[in-house]
Amino acid sequence: MLSRSLCLLSSFWLVAAEPATAFEEYGCPTSELHFRLENDFVVSISPFRHADETKWDSKWLSTWTQNNTKCLKTAFFRHGVLLFRGFEILEPLAFEEVALSLVPNLEKAYLGTSPRSQINGTSYVFTAADFSPHRTVPVHIEMSFRDSPPATQLFYAQQVDQWKGGETPLTDFQAVWKQLSSDPQLSASFAGKMKYLRNLDDCNSTSLLDPLVQKCW
């Protein structure tokens, strides 16, 4: 997982329709790639399978993203999630190449609390969380406790057909906030400053309850 707009490479989603003209208005070229609104905040982008020998690999996608920054920014800020699928992004290093074409100033340091490991051969790619597959990570806003949380997150699914674990559910927190705001008393309770308190394990000891619950400090 990389820090800095939310983008996915290779996954699956439920399907809804949106006219291609809507994305043409964003400045998105629709002759090579298919743009589809999966729901209110997820836009999927996938290649048309023409008869030519186009290789839809990381080099092709990196070049395309650099040439279509306006399109991607407009779609991202209008909806919230860009889901790339159907491309030949076969390894983490290839994902890193595409990620850097989208966000050149990625961060190397992870300042959150989940245990994560850097992927060998890469500079910016980390595991999403070093938990057992059966564990569930609750819905959350990434590093919301920091003064400057990540502006962008990028996820990569190298294998999407795992029978257990590995899913990355996404939540439209703008919609969540709108729903919460409909209750004046509830929204007023979140209007002021908030203080986060988190208890972390000592790095010299192991949690007796759960050794992988979070990073030590």
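Begin by selecting Phe23, Tyr26, Phe35 and Trp64, which ring pairs link into a cluster; rings of Phe, Tyr and Trp (its six-membered ring) pair if their centres lie within 6.5 Å. The model is predicted, so to speak of local features pLDDT of at least 70 is needed, side-chain atom pairs count only at pLDDT 80 or more, and totals for chains, interfaces and linings use all residues. Residues are numbered from 1 along each chain as its sequence is written, and side-chain values use heavy atoms, with hydrogens and water left out.

Stay with Phe23 and Tyr26, whose ring centres are 5.5 Å apart with planes at 90°, so the pair is edge-to-face, a label for planes over 60 degrees apart, where under 30 counts as stacked and the rest as tilted. Both Phe23 and Tyr26 are buried, meaning under 20% relative accessible area with a 1.4 Å probe, protein chains only.

Next, select Leu33, Phe35, Phe87 and Ile89, the residues with the most contacts inside the largest nonpolar core, which has 30 residues; such a core is a set of buried Ala, Val, Leu, Ile, Met, Phe, Trp, Tyr and Cys residues joined through side-chain atoms within 4.5 Å. A second, separate core of five residues includes Phe41, Val42, Leu83 and Leu170.

Finally, go to Ser44 in strand β4, residues 42–47, strands being DSSP runs (E, at least two residues) numbered from the N terminus. Ser44 counts as buried because its relative accessibility is 2%, and its side chain makes a polar contact with the side chain of Glu38 at 2.6 Å, that is, a pair of N or O atoms within 3.5 Å, one able to donate a hydrogen and the other to accept it, with residues adjacent in sequence counting only if both atoms are side-chain atoms.

Key
Helix = DSSP H or I, 4+ residues; strand = E, 2+ residues; numbered from the N terminus. Buried < 20%, exposed > 50% of the residue type's maximum accessible area, 1.4 Å probe, protein only.
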